[in-house]
Amino acid sequence: DMAEELLKLYAQRKAAVGTAFSPDNNMQREFEDAFDFNETDDQLTAIADIKADMESTQPMDRLLCGDVGYGKTEVAMRAAFKAVQDGKQVAVLTPTTVLCFQHFESFKRRFSKFPVVVEMLSRFRTAKEKKDILERVEQGKVDILIGTHAVLSQGLKFQDLGLLVVDEEQRFGVRHKERLKQMRAAIDVLSMSATPIPRTLHMSLVGLRDMSVIETPPKDRM
């Protein structure tokens with residue numbers, strides 16, 4: 001049943017017309033220039049691939065592979081910034097509360113000079129805070145929501161979700177990931193993984209999803 005559902009979903013996504021995001025503007029360039037490091041060649045290629053995907057009407061389904069510390073998060077942040085500029089919301093899904101918090105901190109730091117609202121949904125939040133965040137997400141007052149499985153709960157409604165970033169994709173079950181895509185068949189999806197599971201790898205090999213690989217280590221890294 002699940003295989004049939006998946007096939008239907010991917011067929012729908014292929015036929016769906018997604019959001020064609022606008023080309024880079026000055027603010028995007030300003031955001032990218034604020035990056036403290038020099039981008040590696042693979043990072044630049046991955047960024048270019050993702051931007052091309054986002055600017056086309058075909059919903060993006062890209063897998064970004066690269067070792068820990070090779071700069072996958074920066075690539076994701078640039079994609080998120082691009083989406084937010086077009087008035088879309090971004091969801092970042094992480095497998096653990098700790099990783100969720102880490103991402104929240106680095107996103108907040110990276111976006112601090114720009115008018116972007118970043119929020120976190122995880123066990124670190126009280127029930128009252130969660131309720132407040134859910135309401136603001138629905139009203140469109142939160143631009144980027146970083147969260148654990150809570151992001152997948154039925155009670156969470158986005159006003160206008162444009163991009164989904166799944167970190168450490170291998171740690172989520174099939175049901176979790178597809179639940180997100182069902183939320184909107186025409187949404188752009190970027191999955192990041194240091195160790196893709198065979199199913200994901202196979203999907204990119206048979207052409208169900210595109211793949212970018214970051215193999216160049218950052219400067220001074222062995």
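This is a predicted model: local features need pLDDT of at least 70, side-chain atom pairs count only at pLDDT 80 or more; totals for chains, interfaces and linings use all residues.
**Overall build**

The protein contains eight helices and seven strands. Its radius of gyration is 17 Å, close to the 17 Å that the globule rule gives for 222 residues, so the protein is as compact as a globular protein of that length. Taken along the principal axes, the box filled by the C-alpha atoms is roughly 45 × 40 × 30 Å.

Of the 222 residues, 49% are buried. The accessible surface of the protein is about 11,000 Å², and carbon and sulfur atoms account for 54% of that area. When contacts between residues at least 6 apart in sequence are considered, 80% of them join residues at least 24 apart.

The charged side chains number 32 positive and 34 negative. The centres of these two sets lie 5 Å apart.

**Nonpolar cores**

The largest nonpolar core has 34 residues, and the members that touch the most other members are Val90, Phe107, Phe111 and Ile144. Two or more residues of this core come from each of the helices α3 (41-55), α4 (72-85) and α5 (97-111), and from each of the strands β2 (89-93), β3 (118-121), β4 (144-147), β5 (161-166) and β6 (188-193). Helix α4 gives the largest share, with eight residues.

Apart from neighbours within four places in sequence, Phe111 is in contact with Phe31, Met77, Ala80, Phe81, Val116, Val118 and Ile144.

**Individual residues**

Leu63 is located in strand β1, which spans residues 61-66. Its relative accessible area is 0%, so Leu63 is buried. With neighbours within four places in sequence left aside, the contacts of Leu63 include Glu169, Ser191, Ser193, Pro196 and Thr200. Ser204, Asp210, Met211 and Ser212 are also in contact with Leu63.

Asp167 sits in the loop between β5 and α7 (174-183). This residue counts as buried because its relative accessibility is 8%, where buried means under 20%. Outside the four places on either side in sequence, Asp167 is in contact with Leu93, Thr94, Pro95, Leu99, His103, Phe172 and Met192. The C-alpha atoms of Asp167 and Met192 are 4.9 Å apart, although the two residues are 25 apart in sequence.

Gly162 belongs to strand β5. At 2% relative accessibility, Gly162 counts as buried. Asp1 lies in the segment before α1 (2-15). Asp1 is exposed, since its relative accessible area of 81% is over the 50% cut-off.

| Residue pair | Separation along the chain | C-alpha to C-alpha distance |
|---|---|---|
| Leu63 and Val213 | 150 residues | 8.3 Å |
| Asp167 and Met192 | 25 residues | 4.9 Å |
| Gly162 and Phe104 | 58 residues | 19 Å |
| Asp1 and Leu99 | 98 residues | 33 Å |

Note on methods. Residues are numbered from 1 along each chain as its sequence is written. Side-chain values use heavy atoms; hydrogens and water are left out. Helices (H or I, at least four residues) and strands (E, at least two) are DSSP runs, numbered from the N terminus. The radius of gyration is taken over C-alpha atoms; the globule rule is 2.2 Å times the number of residues to the power 0.38. Buried means under 20% relative accessible area, exposed over 50%, partly exposed in between (1.4 Å probe, protein chains only). Contact means heavy atoms within 4.5 Å. Accessible areas come from the Shrake-Rupley method with a 1.4 Å probe; for residues, only the protein chains shown count as cover. Lys and Arg count as positive and Asp and Glu as negative; His and the chain ends are not counted. The place of a charge is taken as NZ of Lys, CZ of Arg, CG of Asp or CD of Glu. A nonpolar core is a set of buried Ala, Val, Leu, Ile, Met, Phe, Trp, Tyr and Cys residues joined through side-chain atoms within 4.5 Å.
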